[in-house]
Structures are given as structure tokens and as C-alpha cells.
Amino acid sequence: QVQLVESGGGLVQAGDSLRLSCAASGRAFRLNTMGWFRQAPGEEREFVAATNWNGGNIRYTDSVKGRFTISRDNAKNTVSLQMNSLKPEDTAVYYCAASSMLFGIVTDSTRDYNYWGQGTQVTVSS
């Protein structure tokens with residue numbers, strides 16, 4: 001079993017930066033693909049970024065490429081999302097996710113991630 005707890009959300013202005021962190025507990029953390037998804041009001045949950053266990057395979061959605069960076073520290077059991085040049089359209093609840101089904105593979109489908117955090121709100125004002 002894996003438990004995920006996010007932190008670092010908040011209210012910022014357009015152009016600002018935020019860093020989200022996800023603390024994971026449970027066994028076999030290093031074998032899990034870890035990712036971030038987000039969900040705006042009235043919208044479907046969408047993929048943001050994900051990394052395999054050693055950071056050798058990373059994927060971003062097009063709208064955040066060049067602005068967001070995902071990283072993980074297996075020694076600390078954390079995965080982070082550095083968000084720069086934030087835009088109002090980045091406003092959403094951000095969820096940390098982990099998959100025990102993807103070994104070395106990174107996907108953008110919510111169906112492939114079987115562990116989820118409770119979410120943290122990110123609001124970007126214009």
C-alpha cells in the first residue's frame with residue numbers, strides 16, 4: 001500500500017512560481033511511476049507531468065513544457081513539481097499519483113495510476 005500527501009499549493013499572481021511536494025509512504029516506492037495531475041472546476045482530471053522511478057523517463061503535457069519541472073528524491077520518498085511562469089489557466093487542484101503497474105513506463109492516463117493524494121489547490125490570479 002502507498003499513501004501520498006501533497007503540500008505547497010497556494011494563491012499566487014501570474015508569472016510567479018510555486019513548488020508542490022508529495023510525500024509518499026509505503027513499500028516499493030522506487031518501483032512506482034509518479035506523476036502530477038490537475039483538475040479545474042467542471043473539467044476532467046488531466047495529466048501534467050510524470051517520471052519513472054529513477055527520473056530517466058519524464059513526460060509533460062504540452063501546456064507546461066518549459067515552465068514546470070518534475071523531480072523525485074527516492075531517499076526522501078518525495079516527488080516535486082516546480083512550477084514557474086504560472087498562468088491563470090494553471091489554476092486547479094493538483095493531485096499526486098503513483099502507479100504500481102508501470103515499471104519504467106510513463107503514461108498520461110488516470111487509469112494507469114492506482115494511488116492518489118488528496119490534492120492541493122493552486123490559484124493563479126491575473
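Author: Two strands pair if DSSP finds at least two bridges between them; helices (H or I, at least four residues) and strands (E, at least two) are DSSP runs, numbered from the N terminus. This is a predicted model, in which local features need pLDDT of at least 70, side-chain atom pairs count only at pLDDT 80 or more, and totals for chains, interfaces and linings use all residues. Residues are numbered from 1 along each chain as its sequence is written, and side-chain values use heavy atoms, with hydrogens and water left out.

Strand 11 covers residues 120-125. An antiparallel partner, strand 9 (residues 92-99), is joined to strand 11 by 3 bridges, and Val93 stands opposite Gln121 there. Strand 2 (residues 10-13) pairs with strand 11 in the parallel sense, over 4 bridges, with Gly10 opposite Val122. In a regular strand, side chains alternate between the two faces of the sheet. In strand 11, Thr120, Val122 and Val124 make up the covered face, while Gln121, Thr123 and Ser125 lie on the uncovered one.

A salt bridge is a side-chain nitrogen of Lys or Arg within 4 Å of a carboxyl oxygen of Asp or Glu. The count by this rule is 5. One of them joins Arg38 to Asp90, with the closest N and O atoms 3.0 Å apart. Arg38 belongs to strand 4 (residues 33-39) and Asp90 to the loop between strand 8 (78-83) and strand 9, 52 residues apart. Asp62 forms a salt bridge with Lys65 at 3.0 Å, N to O, and Asp62 is exposed at 60% relative accessibility.

Notes. Buried < 20%, exposed > 50% of the residue type's maximum accessible area, 1.4 Å probe, protein only.
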